[in-house]
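Thank you all for coming. Please have a look at the sequence and the structure on the screen, and I will then walk you through them.

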2 protein chains.
Amino acid sequence: MDGKRSNPAKHRVGESSAADRKTMDRRRFLAGAGLAGAAVAGAIPVRAQTLAKPDPAITEVPDWSRYLGDGVAARPYGSPSSFEKHVVRRDVEWLTASRESSVNFTPLHELDGIITPSGLCFERHHGGIAEIDPAQHRLMINGLVEKPMVFTLEDLKRFPNRMNRVYFLECAANSGMEWRGAQLNGCQYTHGMVHNVMYTGISLKSVLDQAGIRPNAKWLLVEGADSAGMTRSIPIEKALKDCMVVWGMNGEALRPEQGYPLRIVVPGWEGNMWVKWLRRIEVGDQPWQHREETSKYTDLLENGTSRRFTFVMDAKSVVTNPSPQAPLKHKGPNVMTGLAWSGRGTVTRVDVSIDGGKNWHTARLDGPVLPMSLTRFYFDIDWNGQEMLVQSRAFDSTGYVQPTKEELRKIRGVNSIYHNNGIQTWFVHKNGETENVEVS
Amino acid sequence: MDGKRSNPAKHRVGESSAADRKTMDRRRFLAGAGLAGAAVAGAIPVRAQTLAKPDPAITEVPDWSRYLGDGVAARPYGSPSSFEKHVVRRDVEWLTASRESSVNFTPLHELDGIITPSGLCFERHHGGIAEIDPAQHRLMINGLVEKPMVFTLEDLKRFPNRMNRVYFLECAANSGMEWRGAQLNGCQYTHGMVHNVMYTGISLKSVLDQAGIRPNAKWLLVEGADSAGMTRSIPIEKALKDCMVVWGMNGEALRPEQGYPLRIVVPGWEGNMWVKWLRRIEVGDQPWQHREETSKYTDLLENGTSRRFTFVMDAKSVVTNPSPQAPLKHKGPNVMTGLAWSGRGTVTRVDVSIDGGKNWHTARLDGPVLPMSLTRFYFDIDWNGQEMLVQSRAFDSTGYVQPTKEELRKIRGVNSIYHNNGIQTWFVHKNGETENVEVS
């Protein structure tokens, strides 16, 4: 194996130095090299303790079985167990200059199913979290419309055809640090700028219909009420097709950091366009060429030109367990699991490899499998303690197959920080410790 | 109208006296009496302010657009906006003697979609909330098995075929106060002992298979680790069909008040059987006849006998908006919405009436529509300020139609506090205020 590979314990994000990061791109493996191929199996009996083996946890009565616990009034709005304090969004201190224009990451390795708990959805702000009084908030529609309008929240909640839809939201920069090689040690950091939520709201089309868009309307500008005044241009075809104006997430009001009281939902497209704290929609005949679609959120290629308006998030997947923050702890039966998604449609299949892509096994998808939603996959293994190079690849309803990072780099180079949907590799050591590596 | 009807404002739960409650069953209406029938419509334009009308909320720049907000590290585990402090579980002080053996209620009128936020799922405890260290928790399987076993949490998380399923959980006593007439003023109190969650876990069958159940096994006893040591008997057929042992809800670990770190899921059956803080499953050949299936959770009939083992929660629905805690505030377009569910299968249709059941209109179901899950329905109306008697009725995939309360009372009398799935009526006054009433 690569003798220069540094101790994985050193690469926990937040502790990693610039010098560490420079050495990380040397952590490359030849696919399948040094692997004896762990057995792959379906249904495996788990051996548990039998009663013959004494266990203080069952021979002694614990306090929680002896004394009354808190009553019902203690938590009118509940929170997780004190034993789950490690399950939090985490940021990376060296990544941004200030916390008001920064990001934190969803702990994907601690979650299951497809719905991201609202309290754990990653955040990305450009001027901090706007704390908006909903009674004072307005949504203005102006520009190329028959009748400029202003709506209160109560107006919008009286619109007919209210609906609920589950969509993933992925930051275009998710996995962006990985363009130049394995950088961040944990799927929370490499892939944690994605979440999946059930939204409540109305179609953007129904709002535009009230104002009456003019025949020459081609683009929208959506604008936030935060101090950054975030703006993005959206083509009118997408706006009319499936965009939503939403006030609810996961059954309740939007969380402050997700745009309370109003945000726009742009299914399958990059998260930066899902403007939070939505206060204005201007209708125009061309894109606005604002900061977030020129100097940012464009993809710099090797020849010095940039791809622009690369809105769609292509099919992608990641094994969340095992992963650097969730090593294997036991030999024998283990559940390998992860998430797959596609901005172009529905995930139709996910394959898993444990030998760096030499052999692929089709994983089991656990429903509901919804379009432009995170999709959960499972792959049960019997691990004999061998080293593994774990990968996953997603297929979507358009026939697209998730590419390797090398395939992407051949076309796009390594200058961009956006739209890296390449296959992720985790190296599982014999002791179960897992680290972010590259295979070639 | 009924002149004896007291001021609805007096009937907010938590303030209501015993004398108040005695008078409530007089609040009866003849179906349709005094109603001029509000118009029913599909897609209605909402008239909002135009720019011609000055509005300080848009002419003055608010503070949240002027100053930086909190950065990303402020809330590693997020919580709702400070403007949503009213959206909480609420209890009813006079209902139980102590808060450790009590209940609180989900604020259904503040929610949308089908997933109940974990922090707002109603609670019912018999010995307070057990705060369990998951590392010290065990699940024992004993009784009529080939090999008694004890599992740790880590053992269970290594089982193959892990799955995620969305199920409603309804307390058998939900709407129980309403057997003797309209009692509680708000769907949070009349129907709020229900929630709907995506669970992560494994089939109960897979756990039992490890221990090997003997041929004479007919019933299970499931037992909690809380200080009440909650127990219930479950028939083996149900246990093997679709019950689950779960550690996750809505993507993360179970909340403490929902059984952290382990609970049993009994889809479609009364909530009391979904034992929390699950520590033991005993396999036997007959029910155990414990307290919760003899003196409690049995349905006392008029003739003095009791229905027993009435496990299934029949089809039921409720209009959550408008309702006493969510009155109508505007004439013109309004969204009527609510929830329907059935413990026997999938909700296939929901009807809404605004004239106390004289005329019915089929509501729109908003998906996903899943078996034994809450199902969201919408019915858009154009309200002209007339009085309304609002009702809903659910249909399920077995052909069952939700009955009226009167139809239920004819068969079951009014002595039970369990399994009241009768049609709920809200009376909407001309000023939009809404109260819990009976029609006959």
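What you see is a predicted model, in which local features need pLDDT of at least 70 and side-chain atom pairs count only at pLDDT 80 or more, while totals for chains, interfaces and linings use all residues. Residues are numbered from 1 along each chain as its sequence is written, and chains are lettered from A, with ligands numbered from 1, in the order in which they are written.

Let me start with chain A, whose secondary structure comes to 7 helices and 25 strands, where helices (H or I, at least four residues) and strands (E, at least two) are DSSP runs numbered from the N terminus. Of the 440 residues in chain A, 55% are buried; a residue is called buried if 20 or more other C-beta atoms lie within 10 Å of its own, exposed if 12 or fewer, and partly exposed in between, with C-beta atoms placed from the backbone. Two residues are in contact if their C-beta atoms, again placed from the backbone, lie within 7 Å, and among the contacts in chain A between residues at least 6 apart in sequence, 73% join residues at least 24 apart.

Chain A is divided into domain 1 (8–37 + 312–439) and domain 2 (134–173 + 195–307), with bounds that come from an automatic or database domain assignment. The C-alpha centres of these two domains of chain A lie 32 Å apart, and 16 residues of domain 1 are in contact with 16 residues of domain 2.

How are chain A and chain B related? A rotation of 180° with 0.0 Å of shift along its axis superposes chain A on chain B, with an RMSD of 0.0 Å, the superposition being by least squares on the C-alpha atoms of residues with pLDDT of at least 70 in both copies. That is the relation of a two-fold axis, and the same surface serves both copies, since 100% of the contact residues of chain A recur in chain B. Between the chains, 105 residues of chain A are in contact with 105 residues of chain B.

Helix 5 of chain A, residues 204–211, has as its buried residues L204(A), S206(A), V207(A), L208(A) and A211(A). What covers them includes strand 8 (194–203), helix 6 (236–241) and strand 11 (244–249) of chain A. Helix 5 is followed by G212(A), whose phi is positive, near 80°.

Finally, is L144(A) buried or partly exposed? L144(A) lies in the loop between strand 5 and strand 6 of chain A, and it counts as partly exposed because it has 19 C-beta neighbours inside 10 Å. Not counting residues up to four places away in sequence, L144(A) touches several residues, including I213(A), R214(A) and V283(A).
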